[in-house]
Amino acid sequence: MSSATGVAQSQQSQPVPAAEAPPAGTGTSGAGGSATEAAPRVAKDYSSYRVVAAKHPWRWVGTAVVALGVLAVAWSLATNPRWEWGVVAQWFTAQSVVNGLVETLKLTAISGVLGFVLGFILALMRLSASPLLVSVSWTFSWIFRSTPLLVQMLLWYNLGYLYEKISLGIPFTDVRFFEVQTTTLISQFAAAVLGLTLNQAAYSAEIIRGGILSVDQGQLEAAAALGIPAWRRSTRIVLPQAMRAILPTAFNEIIGLVKGTSIVYVLAYSELFYTVQVIYNRTQQVLPLLLVATLWYIVITSVLSVFQYYIERHYSKGAVRNLPLTPLQKARKFFATHAAVPNRRNF
């Protein structure tokens, strides 16, 4: 026992190695002592650092080149007397031009609405399980997308050559409920609406079909498993999501339809472009009057683009976490930010 005790005492009397010694500033809690905490790390002061903005030299070079190009075009438009801006201002709001503009808007509205309604029906037929419905929808789109719109216009306007009368009754019998001369029914306006509507329906059907197919099939299966009726699945789940894919292309089609109404001039219908043609054939002021039509088309498409922006923004609520700021909100944020800077400097 005495030898064991001597070994234990000799081990306790040996000094602790430096590697095992506790770090400075720390302590061990004993029976009657308290532990000391580590000293907090001092945060580095960055107030003396100078903030240097990132340099983008090529961005400024590109901006300068584009700005010079824009200024050159603006200078040419302002100083070239052959544009005849006085003539443009004279005819821009003339009564005949405004009447032609109204007819253009009328053709666009009627053909656009009827074309997308018929296109929606054709899209549903194309997605149907019936081989006959699929075949009819595919054939319709194939024919009207394969032939020029100008040819379709002339064909519908000369339909009276093929069929003298148009009647409604019981097929394969002599029973007739309604009968009218084709030349009386198919006027210039009717031929224009018919040609624009059917051509628009062929393209709209493919746009709507593509939008519906873009919706994840798993969502429909989940909705069906929850017992949601088919109609509510289509209107509450499929269409709101499909609209995000349909809207950009659909608005492009409407804008194209606005400009496509100019082809109605072959029917001698008094829309905007035909009206401008009649005026410059009489006055020989070709370029100024073409510029009048161009400016009106730009106004119409600009208004449609504004509607497109806000409608797409509405349907993007489920796709993005935060909606993008509107131009008005961006302007308010810009002025609010720059107005707050002097106030901070005053303090």
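Throughout these legends, a residue is called buried under 20% relative accessible area, exposed over 50% and partly exposed in between, with a 1.4 Å probe and protein chains only. The views come from a predicted model, in which local features need pLDDT of at least 70 and side-chain atom pairs count only at pLDDT 80 or more, while totals for chains, interfaces and linings use all residues. Residues are numbered from 1 along each chain as its sequence is written, and side-chain values use heavy atoms, with hydrogens and water left out.

**View 1. A salt-bridge network that joins R126, E206 and R209.** A salt bridge is a side-chain nitrogen of Lys or Arg within 4 Å of a carboxyl oxygen of Asp or Glu. For R209 and E206, the closest N and O atoms are 2.8 Å apart. Both residues belong to helix α9 (residues 188–213), where a spacing of 3 residues separates them by about one helical turn; helices (H or I, at least four residues) and strands (E, at least two) are DSSP runs, numbered from the N terminus. R209 is partly exposed at 21% relative accessible area, whereas E206 is buried at 19%.

**View 2. The salt bridge between E103 and K106, at 3.4 Å from N to O.** The two residues lie 3 apart in helix α4 (residues 95–126), about one turn of the helix. E103 is buried, with a relative accessible area of 16%, and K106 is partly exposed at 35%. K106 also lies over the face of F189, at 5.9 Å from the ring centre; this description requires NZ of Lys or CZ of Arg within 6 Å of the ring centre and within 35 degrees of the ring normal.

View 3. E179 lies in strand β2 (residues 176–181) and K165 in strand β1 (residues 165–169), so the pair ties together parts that are 14 residues apart in sequence.

**View 4. The stacked aromatic pair of F92 and W296.** Rings of Phe, Tyr and Trp (its six-membered ring) pair if their centres lie within 6.5 Å, and planes under 30 degrees apart count as stacked, over 60 as edge-to-face and the rest as tilted. Here the centres are 4.4 Å apart, with 0 degrees between the planes. The pair links distant parts of the chain, F92 in helix α3 (residues 85–92) and W296 in helix α13 (residues 286–315), 204 residues apart. F92 is partly exposed at 22% relative accessibility, while W296 is buried at 14%.
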